[in-house]
Amino acid sequence: MITEEIKLETKLRWLEYCKEIKNIPPIQEIELLDKNDSSHARFKPIDLYNQKYILYVQKEIYEYTDVSTRSILFHEFTHLADAIKYKDKEYEVFLNIMSSYSEYHASYIEMLQILKCYNSKLINKESEVIYRAGCLTLESLMSQSYTAAIKCFEKIDGSFNGLHEFYYYLGYRMALQKYNLEFDFNFLDFNPLYMIYIKNISDYVESNDIPKIADEHSKLLHSIDKEIESNKILNHFNI
């Protein structure tokens, strides 16, 4: 059940986002995610494309610290801002932008919010930050995020669950560069089948070339789809 407290908290964070980042339309509805959904919160791309602003949440995020709740909601509000910016694109192009550039962009904003309450001059890799339901050093957070990004490309089969962790890492990494903190990114650490796409996307993120990010993302997904189909055939014949 969506309580009045959840509605109020969401509205307050929405007002903060409009004041500090960008004006966006108000959330029309808030609905609970299934408990088995791994997301903390999300919009459905098709809803955003049709200008239906329905935010799906796990109610537990409102029990986190203010920093965590705010950073999670600011991540989602950035998806809404991006959706409005690109709503006139064809749906397939829109979807590629939202699942690549927008994931990077939202994660960039999220990390900036996480770091906002700290003295920028004192932030280093050993600084402990509040992240989701826990607290850990930036070094540990980024190590875990990098491992998750690499794992996106390791099991390419019917269980493939998208590339959001890859874009999360790119967004976090870019945000931390504002604090003169550099973290690993070596495309040679990734599945060699997709290294060229990964390198290109990373380069386009650095240059903020949004159309090329989305286009390369589309090519990457096409390559992954081909690999999944190939593996299905091999498994069928027990090869």
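A residue counts as buried under 20% relative accessible area, as exposed over 50%, and as partly exposed in between. Asn208 has a relative accessible area of 45%, so Asn208 is partly exposed. This residue lies in the loop between α8 and α9 (210-236). Its backbone also stands out. Most residues other than glycine have a negative phi. Asn208 is not a glycine, yet its phi is positive, at about 55°. The model is a predicted one.

Arg132 is not a glycine either, and its phi is about 55°. Arg132 sits in the loop between β4 and β5. Its relative accessibility is 18%, so Arg132 counts as buried. The two strands on either side form a hairpin, with two residues between them. Strand β4 covers residues 128-131, and strand β5 covers residues 134-137. They pair in the antiparallel sense, over four bridges. Tyr131 stands opposite Gly134 in β5.

Strands of a sheet pair through backbone hydrogen bonds, either parallel or antiparallel. This sheet has three strands, in the order β1-β3-β2, and its pairing is mixed. The edges belong to β1 (29-32) and β2 (41-42). Each has a single partner strand, so one side of each is left without a neighbour in the sheet. Strand β3 spans residues 54-57. Two bridges join β3 to β2, and these two strands run antiparallel. Arg42 stands opposite Tyr56 in β3.

Next come the charged side chains. The structure holds 17 salt bridges. Start in helix α1, which spans residues 4-20. Here the side chains of Lys7 and Glu4 meet in a salt bridge, at 3.5 Å from N to O. The two residues are three apart in helix α1, so about one helical turn separates them. Lys7 counts as partly exposed, because its relative accessibility is 40%. Glu4 has 56% and therefore counts as exposed.

Another pair is Asp88 and Lys87. The closest N and O atoms of their salt bridge are 3.6 Å apart. Asp88 is exposed, with a relative accessible area of 71%. Lys87 counts as partly exposed, at 29% relative accessibility.

Where does Arg173 stand, buried or exposed? Its relative accessibility is 13%, so Arg173 counts as buried. Glu206 is partly exposed, with a relative accessible area of 45%.

Salt bridges can also share partners. One network built in this way joins Glu9, Arg13, Glu16, Glu20, Asp66, Arg70 and Lys116.

The surface comes last. Which residues form a negative surface patch? They are Glu126, Glu139, Asp184 and Asp189. One of them, Asp184, is placed in the loop between α7 (164-177) and α8 (195-206). Its relative accessibility is 56%, so Asp184 counts as exposed.

A patch of another kind is nonpolar. Leu8, Leu12 and Leu15 form this patch on the surface. Together they have about 270 Å² of accessible area. Leu12 is placed in helix α1, the helix in which Lys7 and Glu4 are three residues apart. Leu12 has a relative accessible area of 44%, so Leu12 is partly exposed.

Methods:
Residues are numbered from 1 along each chain as its sequence is written. This is a predicted model: local features need pLDDT of at least 70, side-chain atom pairs count only at pLDDT 80 or more; totals for chains, interfaces and linings use all residues. Side-chain values use heavy atoms; hydrogens and water are left out. Patches are made of residues with over 30% relative accessible area and no salt bridge: like charges are joined within 9 Å, nonpolar side chains (Val, Leu, Ile, Met, Phe, Trp, Tyr) within 5 Å. Accessible areas come from the Shrake-Rupley method with a 1.4 Å probe; for residues, only the protein chains shown count as cover. A salt bridge is a side-chain nitrogen of Lys or Arg within 4 Å of a carboxyl oxygen of Asp or Glu. Lys and Arg count as positive and Asp and Glu as negative; His and the chain ends are not counted. The place of a charge is taken as NZ of Lys, CZ of Arg, CG of Asp or CD of Glu. Buried means under 20% relative accessible area, exposed over 50%, partly exposed in between (1.4 Å probe, protein chains only). Two strands pair if DSSP finds at least two bridges between them.
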